[in-house]
Each structure stands twice: as C-alpha cells, then as structure tokens.
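Colleague: I have a new structure to read and would like to go through it with you. Shall we take it one question at a time?

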Amino acid sequence: MKLEGLSILGQTRVTTAGKPNAAINPATGAVIGPDFFWATTADVDAAAQFAAKAFVEFSRWPGRRREGFLKRIAELLEADAAAIVERANQETGLPVARLQGELARTYVQMRQYGEAAASGLCAGARIDHADPNRKPQPKPDLRSMMVPLGPVVVFSASNFPLAYSVAGGDTASALAAGCPVIVKPHQGHLGTSELVALVVQQAVRDCGAPEGIFSMLYGAGREVGIALVKHPLVKAVGFTGSRAGGRALMDAAAARPEPIPVYAEMGSINPVFMLSGALNHKAEELAAGLHGSVTLGVGQFCTNPGLIFVERAAAAKSFLQKLENLTASTPPGTMLTADLCSAYRAGVEKFSKATGVHRAVTVDAEAGEGKAQAGAALFVTDAVTFLGNHSLMDEVFGPSTLVVECSSREQMLAAAKKLEGQLTATIHGTPEDFAASRELIETLANKAGRLVCNAFPTGVEVCHAMTHGGPYPATSDGRSTSVGTRAIERFVRPVCFQNFPDAALPDELKESNPLGIWRLVDGKLARAATPS
Ligand code: NAP
C-alpha cells in the first residue's frame, strides 16, 4: 500500500493543500516520508455529514452483519501485518515483537466485539410481557433495547499505535454498536494510521457498507479535533491521552448547545500496596516483579505503577534495595515521541526537587539523536510527606515510580483515602494480610476500576469482564470501560417500546426472536423465541 499522507473521507481522499507535516522516527529523529497534510474545517463538516448519512443505513444493520464487517477488518489487518508493524516500529520505536502482539490484540478485539454484536450482548434486549389482568392497573407490554448514538469521534492513543488507535478499541466498540466513526489520528504515528485506515476503507468496500461509516482526518487536536467535537452531527467522543487533553474535549462537548458524552481515558498512577506479610514472605520476588511492571515498554502504559506504598516490615529494606539495584541496571529506552520524553524528564526533575522526596536512582540517558531516550527513575518518601503534598500524585508518564514508606497499616489506609480516581489499584498480601485489610480493599474499590491481587497492573486482558476505567480523573466517566465488550455500552442508549404491534417492532424485540439473540424475557435470559 502506498502512503499519500492524505486524510480519508469515506472512499475518497481529502486533497487539501496546506503546510506539509512530517512523521518522525523517535530513535533517530529522522523524517519518514511522505509529507502529511492536515484536513480543514470544511473536511470536518463533510466527514460529519457523510457519517450522519451512513448512520441511517448502518444503524439498521443487525448485529450479525456488523460482526461480518468487524471480522473483515480483522482479516485484512492480519493480511497486512508485516507492513503495518514495520511502519509502526519506525514511527514509535516500539519493538517489533511488542507491535506484533499488539496487532494480534487488535484483531482479537475486532472479532470479540463483533461476536458481542451478533450474540445480542450489544442490543441488551429486554421484554416484559403485558398482564391485562393485573390489579389494580393492567401491566402494559414493554420492550427495550440499546440503539446506537450516531457518529463517534475517536482520538487515537499515542502509546497503543494499533490496539487503541485507528482500528483500536474505541473504533471497534463504536462500530460494534452501529455508530459510524471519524478518527483524529495521533501525530506520533501518522503513516501507521494511514495504513490501518486504508484497511478499514477496504473492509467497507468488501462488506458493501455505507461509505461514510469510516473517515480519518489528519490535523491538530485544537483545530480539527475540537471542530469534530463541536460538530452538531457528532454524538459521542472516545479519547485516550493526557488529563489536559481529555478535559479540553469534555469542556468543549459540555459547552455545545446539545452536550454529548466524552469517554476520555486519562492519567492514572496505579497505586500498589505492599503489605507486611507479603514483603516478609518474598521481598526480592516482589521487587523484581514490580521493576518489570514499572519499566515495561519504557513505562508507557496507562496501567504503569507510579506509586508504591510499602508497609513497615522486617524485609522492607531488602525489597527497596533490590528495587534500587534493578532500577540502576535498567538500560535507557526510546520513548514514543520527543515530546513525551521531554515531559517525562520534566516530571523526574520535579520529583527530584520535591521536599522530603529522596531520589534513590535515576538512570542517566542522553536524549540521543531522536531526543527521546529515557532512563528509569526511583524516588522514595514517607507517608507524612506524601499526605502533605498533593503534587506527588501527579502522573510521570514513563519508567519512574515513587515508593512511600508507611509506618503502619493505618497510615497506609489514610494515604489510600487521599488518592484520586485510578484505573487500577493493586494489593500484595498473604491471606492473613487480606483478612486484616477489609477497609483498605473497600476504600480502593471506591477509587479504582480494577483491583489486582498479588500480581501487577500492566497487562490488560481484552474480555467480557474487564474494566479499564475508573472514577475521575482516571476517566471522564467512571461508569464506563474502554477495554472489553462492555466498552460498546458507551456508544448506545436504551429505547423502550410500549404496547407496539409485533410487526412494527425492531427484529431484536419481535416475539419470534428472528435474530436468535440473547434477551431478558420476563426477567430470565433466553435465546429461543418467546412462548406465545
Ligand atoms: P495528549 O497530549 O493528550 O494528546 C492526545 C490527543 O488529543 C492528540 O490527538 C492531541 O492532538 C489531542 N489533544 C491534546 N490536547 C488537546 C486539546 N487541548 N484540544 C484538543 N485536542 C487535544 O496525549 P499524548 O500525546 O498521548 O501524551 C501526552 C501525555 O498524555 C503523556 O505525557 C501522558 O502523561 C499522558 N498519556 C496518558 C495515557 C493514558 O493511557 N492514561 C496515554 C498516553 C498519554 P495533537 O495531535 O494536536 O497533539
């Protein structure tokens, strides 16, 4: 596939002539061709109009047909895997093996969300039959289902150039729900975005889908991105990135004459609680596991553990010593972009200067030709300092972590109560530790979307039960997840039909269940036709 550096509008290319923009290899700083051109606000309007038109037909597609479309995207991604991975490797500095794994996750996600559409999980059909004899009032026939919201704008993530980008989790969720998608790609992987967008464009053709169901517009977030969010035909937004970026989109969406939901996944420092029993049992093993999690992918995971609470224990010192040794011997790594690396360096510098914070290790790294080389860092403080300095909860995106030494379980609990909303919270403990930590567990369940026991938070399984979300500021809406089939629920809304004749109902709600989907009929899950 030949890259042209042009936005995609349905089956056509946007040929706007403007200032060219470059894709950069973060390892070398070299420009990788071709030139990329930003879309205009006229292109934004065209994409939104096109998507709204396509929505009329696409929203009528039964789940099984949507599944076929998502599966076709997966097949085509698999067929072009080598070229996509090669380009992503050049643009992000992520190793080939990691990108191959991420691409495999991308097709698994497409297929899984497709299956959720076909099985009826997305439709969430519920039927409560009428009871004309009920006293004192007869009960009406009530049938409800989830219907798609309309065109969705997806802002790609920088740190998952495949699985949370152009054909990533947000796009898969929106398409599975029956919503057209307009992607605002991340500037960190412009060519990868084009390759993947061409695959989706091909799948649209192959499946005879209305062409406006997918467009991708290159541009700056503050211009093209905000114009998309403000467009009256856009009905929801998916985003992964910084708190400042997510907040800007939330504010723009809320200020519209018709406010729309923004599902923004933003920063999280993913606290880990090391309880005394676990420390005394396997201090060095815990240090090695933690170090692996903190430095995985040069620390560029939203589930990276940035804050570690260590309970007073005989083995706490050897835990810390091992963590220091491992951190000190970590080779520097290439970050996704020079900008992310300079933000990381600024964060490390800020923590280095914080009163009461001890810089245990910082691995020196020359910024290198691409200005994106980062070294690992480990900071240590005590719970009193942590409790007195809110800025120690700021995310430092990269391979850095802050250890907080706690003199008692009560102090640990006080620190847990002070935390902001998180994607994850992790506890390491023995059965005795857990038995004595009920309040800590309850506190963390109120703070985080996923609680991890005796493992590490990096590594997010794509499955039905996953929650990758959490109260603000981890996300804009703690009632949602951006990973797993429940992510589809972000882009649908319930509609109830009261006393409708069967022939006038959508197929999902007809008595004979012609689609053979799962439904909640008079309170019981059923897949068969409802008994007449
Ligand atoms: P970002 O700066 O938030 O950018 C993400 C996307 O949002 C880009 O497309 C960007 O457009 C757009 N955007 C940013 N600010 C905007 C604004 N005010 N108005 C409209 N659009 C806006 O995120 P990033 O580039 O991926 O990384 C920056 C920081 O985000 C990192 O240092 C890290 O702290 C955090 N981050 C967090 C996660 C996570 O999973 N929690 C993941 C990645 C990054 P442009 O193309 O104009 O830049």
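Modeller: Gladly. Keep in mind that this is a predicted model. Let us start with Phe69, whose relative accessible area is 0%.

Colleague: Is Phe69 buried or exposed?

Modeller: Buried means under 20% relative accessible area. Phe69 has 0%, so the residue is buried.

Colleague: What kind of aromatic pair do Trp61 and Phe69 form?

Modeller: A pair of aromatic rings is described by the distance of the centres and the angle of the planes. For Trp61 and Phe69, the centres are 6.5 Å apart. Their planes stand at 90 degrees, so the pair is edge-to-face.

Colleague: Is Trp61 buried or exposed?

Modeller: Look at both partners of that pair. Phe69 is buried, and Trp61 is also buried.

Colleague: How many aromatic pairs does the structure hold?

Modeller: Phe58 and Phe69 make one of them, edge-to-face, with 6.3 Å from centre to centre and 85 degrees between the planes. Phe58 lies in helix 1 and Phe69 in helix 2, 11 residues apart. Ring pairs also link Phe36, Trp38 and Tyr218 into a cluster. The number of aromatic pairs in the structure is 13.

Colleague: Over which ring does the charged end of Arg98 sit?

Modeller: There are two such cases to look at here. The charged end of Lys418 sits over the ring of Phe386, 5.6 Å from its centre. For Arg98, the charged end is 5.1 Å from the centre of its ring, and that ring belongs to Phe160.

Colleague: Now the helices. How far apart are the end C-alpha atoms of helix 11?

Modeller: Helix 11 has 16 residues, 338–353. At 1.5 Å a residue, they should span 22 Å. The distance between the end C-alpha atoms agrees with this: 23 Å.

Colleague: Which residues of helix 11 are exposed on the face turned away from its buried side?

Modeller: Start with the buried residues: Leu340, Cys341, Tyr344, Gly347, Val348 and Phe351. They cover an arc of only 120 degrees around the axis, which puts them on the same side of helix 11. They pack against several strands, including strand 15 and strand 18. The face turned away carries the exposed residues Asp339 and Lys353.

Colleague: Within what arc do the buried residues of helix 15 fall?

Modeller: In helix 15, Leu440, Thr443, Leu444 and Lys447 are buried. Seen down the axis, they line one face of the helix, because they fall within an arc of 95 degrees.

Colleague: Which helix do the buried residues of helix 15 pack against?

Modeller: On the other side of helix 15, Arg438 and Asn446 are exposed. The buried residues pack against strand 12, strand 19 and strand 20, and also against helix 13.

Colleague: How far apart do the C-alpha centres of domain 1 and domain 2 lie?

Modeller: The domain assignment gives domain 1 as 22–130 + 138–266 + 481–490, and domain 2 as 272–453. In contact are 14 residues of domain 1 and 14 residues of domain 2. The C-alpha centres lie apart by 32 Å.

Colleague: One last residue. Which residues does Gln187 touch, not counting those up to four places away in sequence?

Modeller: Gln187 is found in the loop between strand 8 and helix 6. Its relative accessible area is 40%, so Gln187 is partly exposed. Leaving out residues up to four places away in sequence, Gln187 touches Trp38, Gly219 and Ala220.

Terms used:
Residues are numbered from 1 along each chain as its sequence is written. This is a predicted model: local features need pLDDT of at least 70, side-chain atom pairs count only at pLDDT 80 or more; totals for chains, interfaces and linings use all residues. Side-chain values use heavy atoms; hydrogens and water are left out. Helices (H or I, at least four residues) and strands (E, at least two) are DSSP runs, numbered from the N terminus. The expected span of a helix is 1.5 Å times one less than its number of residues. Buried means under 20% relative accessible area, exposed over 50%, partly exposed in between (1.4 Å probe, protein chains only). The arc is that of the directions from the helix axis to the C-beta atoms. Contact means heavy atoms within 4.5 Å. Rings of Phe, Tyr and Trp (its six-membered ring) pair if their centres lie within 6.5 Å; planes under 30 degrees apart count as stacked, over 60 as edge-to-face and the rest as tilted. A charge sits over a ring if NZ of Lys or CZ of Arg is within 6 Å of the ring centre and within 35 degrees of the ring normal. Domain bounds come from an automatic or database domain assignment.
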